[in-house]
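Trainee: I have the sequence and the model open side by side. Could you walk me through how to read a few features?

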Amino acid sequence: MISLELALARRDFSLQATLELPPTGITALFGPSGCGKTTLLRAIAGLERACGRVAIGAQVWQDDATARFVPTHRRPLGYVIQEAALFPHLSVRANLDYGRSRSGAAARAASLDPVVELLGIGHLLARRPATLSGGERQRVAIARALATRPQLLLMDEPLAALDARRKAEVLPYIERMHTELALPVVYVSHAIEEVAQLADHLVLMDGGRVLADGPLSDMMARLAQPVALGGEAGVVLDAVVGERDAEWQLARLDVDGGGCSLWARDHGVEPGRRVRLRVLARDVSIACEPQPATSVGNQLRGCIEGIADDEHPGLALVRVRVGGAPLLARLTRRSAQALGLAAGMPVWAQVKTVALMER
Amino acid sequence: MTAEDWVAVRLTAQLAGLTTVLLLIVGTPLAWWLSRTRSRLKPFASSVVALPLVLPPSVLGFYLLLLMGPQGPVGQLTQALGIGRLPFTFGGLVVASVLYSLPFVVQPLQLSFEAIPARALEAAATLRAAPWDSFFTVALPLARPGLLTASVLGFAHTVGEFGVVLMIGGNIPDRTRVLSVAVYEHVEAIEFADAHRLAAGMVVFAMLVLVTLYVVNRPAHEARGAAS
């Protein structure tokens, strides 16, 4: 468990955060610019002196109650920022070795090869940072942090300075790192697409406060302050490819938690592999009875958990629990009224489109 | 050139070399502190460092004479320590030169330290480098152009000083008669040919040093342009 209790006051800004974060997976700190997410990250690293307590499992990095403050250079963490702060006077290899040679015996004894391979930077080792592209620099920065064998990786908008193409170049490496290493990551971002694609746990921040936090799928399916994804409310679900139907070029995706399987276009992902899905509220409709004649391929039996007003006064947002999966459906308030929808009511959710996010 | 002139050349080189080494030792931590501090003392400290730039050398020399003289606090200290009196000795020249050339070493160093982004040092800290460690492995290498400029300017400015040297060192052959004073001597004695030899040599030396400095410290993109 990563437990944080941090407060910091500046003239025009204050931060107040109490959080328990899971010890594995990627936790996203998400919020608008200036909401304090970077300050919180810096305080975890000890780069910013906040008041309170920071503990990573049994290790206490800061505890004002016992006047304990471990300086940044003695915290086993990795830190990656927007503009990779690679040392310009050192080669890529020397950059990678800089942290590793100063880290514990395990890091010093370990070969650089796995990290170099993971980030695909083998061909860059002899180069100088100035000759690298933005995406390459970011990959070297991530590798440099990983080479110290950190117990926590902090990433501050590592993709924000890159254009869409470079972003697409780096993102798969972060996902690989996520799937291949059991390393907790705290990831600051103001781009919800990135968060939806990478995060397992989401912390919503605004004005220096934590608004809410929880597993990504729950947070995306919140009715109060739904997290808009590309301007659209929708849920993000983790699933396993169950089977592939060669005849119709479809794949069955079994959502984590059981009781919910969705058919989607086959993207060639092998059965057993994990995928992340995105289901927009506008692509989900609701019926009280199963519809015998419809083009919608996914009809799922579920139960209404709640109904809320949507942004437009003519629309309502309905949350339906299908097995382990929360879904959001957007309908007109007139339809909701006509069907007599209410919390607790069993309904059929019809899912028209399931988008597969690369994982 | 006369044997005496060669002695002056040797003495000048010794004085400038020793002064530069001492200035780097003293000036580097001072410049680092000035570049990082938020102390209220900073404007005061910066002004003291910059004083030799604006004061006439004679003013500096006058007060140094008083300080290091038999009745001055520094003079009493050196006498108590058994070093003796500093004025009109090579040691006195070194002390005066260090003070007089201080801004030429501290200011370029401070500028290059200030140009190092905070994130570079923070990155070093997140890579387990203690502050001392990151100073030597990140800050100093990144400040290399500043170090070079500081060394060259410190050396060259010490070679070129005249007023302070004359007041503190006088004109004692083999002990305090440096090049600039030797040129003055030759001119006073109407030995223009000798004066020329020394003066022209100094012009060539200064030119060589400065051209080397500007070539070495050229921004990387200009250097590449010239190479291709």
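**Reading the two chains**

Mentor: Let's start with one residue: R93(A) sits in helix α2 of chain A. Helices here are DSSP runs of H or I of at least four residues, strands are runs of E of at least two, and both are numbered from the N terminus. Bear in mind that this is a predicted model, in which local features need pLDDT of at least 70, side-chain atom pairs count only at pLDDT 80 or more, and totals for chains, interfaces and linings use all residues. Residues are numbered from 1 along each chain as its sequence is written, while chains are lettered from A and ligands numbered from 1 in the order in which they are written.

Trainee: Is R93(A) buried, exposed or partly exposed?

Mentor: You count C-beta atoms, placed from the backbone: 20 or more others within 10 Å of a residue's own means buried, 12 or fewer means exposed, and in between is partly exposed. R93(A) has 16 other C-beta atoms within 10 Å, so R93(A) is partly exposed.

Trainee: Which residues is R93(A) in contact with, leaving aside its neighbours within four places in sequence?

Mentor: Two residues are in contact if their C-beta atoms, placed from the backbone, lie within 7 Å. On that basis R93(A) is in contact with L125(A) and A126(A).

Trainee: How many residues of chain A are in contact with chain B?

Mentor: On the chain A side 16 residues take part, and they meet 13 residues of chain B. β7 (77–80) and α2 (92–100) of chain A are the elements giving two or more residues to that side, and β7(A) has the largest share, three residues. By type, chain A's side has eight nonpolar, seven polar and one charged. In that scheme Ala, Val, Leu, Ile, Met, Phe, Trp, Tyr, Cys and Pro are nonpolar, Asp, Glu, Lys and Arg are charged, and the others, Gly among them, are polar.

Trainee: Next, sheets. In what order do the five strands of the open sheet in chain A run?

Mentor: In general, strands of a sheet pair through backbone hydrogen bonds, either parallel or antiparallel. Here, two strands pair if DSSP finds at least two bridges between them. The order is β14-β13-β12-β15-β21 (chain A), with antiparallel pairing. β14 (261–265) and β21 (355–357) of chain A each have a single partner strand, so one side of each has no neighbour in the sheet. From one strand to the next, the twist averages 45°. For a close-up, β13 (residues 250–255) of chain A is joined to β14(A) by five bridges, and L250(A) has R265(A) as its bridge partner in β14(A).

Trainee: And what is chain B built from?

Mentor: Chain B has 12 helices and zero strands. Its C-alpha trace spans about 65 × 55 × 30 Å along the principal axes, and of its 228 residues, 36% count as buried.

Trainee: At what angle do α1 and α8 of chain B pack?

Mentor: Axes are lines fitted to C-alpha atoms, for helices over the stretch in contact, and angles run from 0 to 180 degrees between N-to-C directions. Helix α1 (residues 3–36) and helix α8 (residues 144–160) of chain B pack at about 140°, with axes 8 Å apart. That makes α1(B) oblique to α8(B); under 35 degrees would be roughly parallel, over 145 roughly antiparallel, 65 to 115 roughly perpendicular, and the rest is oblique. The residues of this contact divide into seven nonpolar, seven polar and no charged.

Trainee: What about backbone angles? Where is D174(B)?

Mentor: Most residues other than glycine have a negative phi. D174(B) has a positive phi of about 70° although it is not a glycine. D174(B) lies in the loop between α9 (163–169) and α10 (179–188) of chain B, and it is exposed, with 11 other C-beta atoms within 10 Å. In chain A, E157(A) also has a positive phi, of about 45°. E157(A) lies in the loop between β8 (152–156) and α6 (164–180) of chain A and counts as buried, with 21 C-beta neighbours inside 10 Å.

Trainee: What covers the buried residues of α10(B)?

Mentor: The cover includes α1, α8, α9 and α11 (192–216) of chain B. Among the buried residues of α10(B) are L179(B), V181(B) and H186(B). Just after α10(B), I190(B) takes a positive phi of about 55°.
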